[in-house]
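Open your viewer and keep the sequence beside it. We will go from the whole chain to single residues.

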Amino acid sequence: MPQTLRFAVHYVEMVIAMFVGMFALDLLWSALGIHLSYAGEPELAYLLMAFDMSLGMAAWMRFRGHAWVPTLEMCAAMFLPIVPLFPLLWLGAIDGMTVMVAAHVAMFPLMLAAMLRRRHEYTHHH
């Protein structure tokens with residue numbers, strides 16, 4: 001498989017793993033009676049969602065043979081968006097739903113940046 005295609009496939013795999021983790025673990029949390037809302041507890045709701053997505057991506061990356069450092073860098077892309085967004089939330093400049101939407105939009109280029117930082121990691125077979 002050409003390196004560019006392998007890189008693109010890995011990116012798509014990460015997006016799928018992220019959403020699988022988010023949806024699967026949300027079902028688990030709901031079954032356990034844990035219901036966080038972006039309106040009521042936006043910080044906790046976002047952090048739990050970022051954890052769920054990170055767990056899905058980390059599980060897939062480790063299954064595929066990636067080391068811990070690139071795995072944790074990819075997971076960091078789920079949490080990095082809160083750095084500028086939480087202070088805006090606390091100041092009342094944005095609401096919880098805006099945090100969620102903006103963070104999701106930011107995650108994708110942050111994941112790509114993590115991958116571009118270690119191109120070799122994502123263009124060679126593990």
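**Whole chain**

In the protein chain, 74% of the contacts with a separation of 6 or more are between residues 24 or more positions apart. Contact here means heavy atoms within 4.5 Å.

A note on the model. It is predicted, local features need pLDDT of at least 70, side-chain atom pairs count only at pLDDT 80 or more, and totals for chains, interfaces and linings use all residues. Residues are numbered from 1 along each chain as its sequence is written, and side-chain values use heavy atoms, with hydrogens and water left out.

Switch to cartoon view. The protein chain has six helices and zero strands. Helices (H or I, at least four residues) and strands (E, at least two) are DSSP runs, numbered from the N terminus. The radius of gyration of the protein chain is 15 Å, close to the 14 Å that the globule rule gives for 126 residues, so the chain is as compact as a globular protein of that length. That radius is taken over C-alpha atoms, and the globule rule is 2.2 Å times the number of residues to the power 0.38.

**Into the core**

Of the 126 residues, 40% count as buried. Buried means under 20% relative accessible area, exposed over 50%, partly exposed in between (1.4 Å probe, protein chains only).

Select Tyr46, Met78 and Met111. These have the most contacts inside the largest nonpolar core, which has 30 residues. Helices H1, H2, H3 (68-79), H4 (82-90) and H5 (96-117) each give two or more residues to this core. A nonpolar core is a set of buried Ala, Val, Leu, Ile, Met, Phe, Trp, Tyr and Cys residues joined through side-chain atoms within 4.5 Å.

Which residues does Met111 touch? Leaving out residues up to four places away in sequence, they include Tyr11, Met57 and Met74.

**Out to the surface**

Now select Leu32. Look in the loop between helix H1 (3-31) and helix H2 (42-63). Leu32 counts as exposed because its relative accessibility is 56%.

**A last stop on H3**

Select Glu73, found in helix H3. Glu73 touches Ala114, Arg117 and Arg118, not counting residues up to four places away in sequence. Glu73 and Ser37 are 36 residues apart in sequence and 27 Å apart in space, C-alpha to C-alpha.
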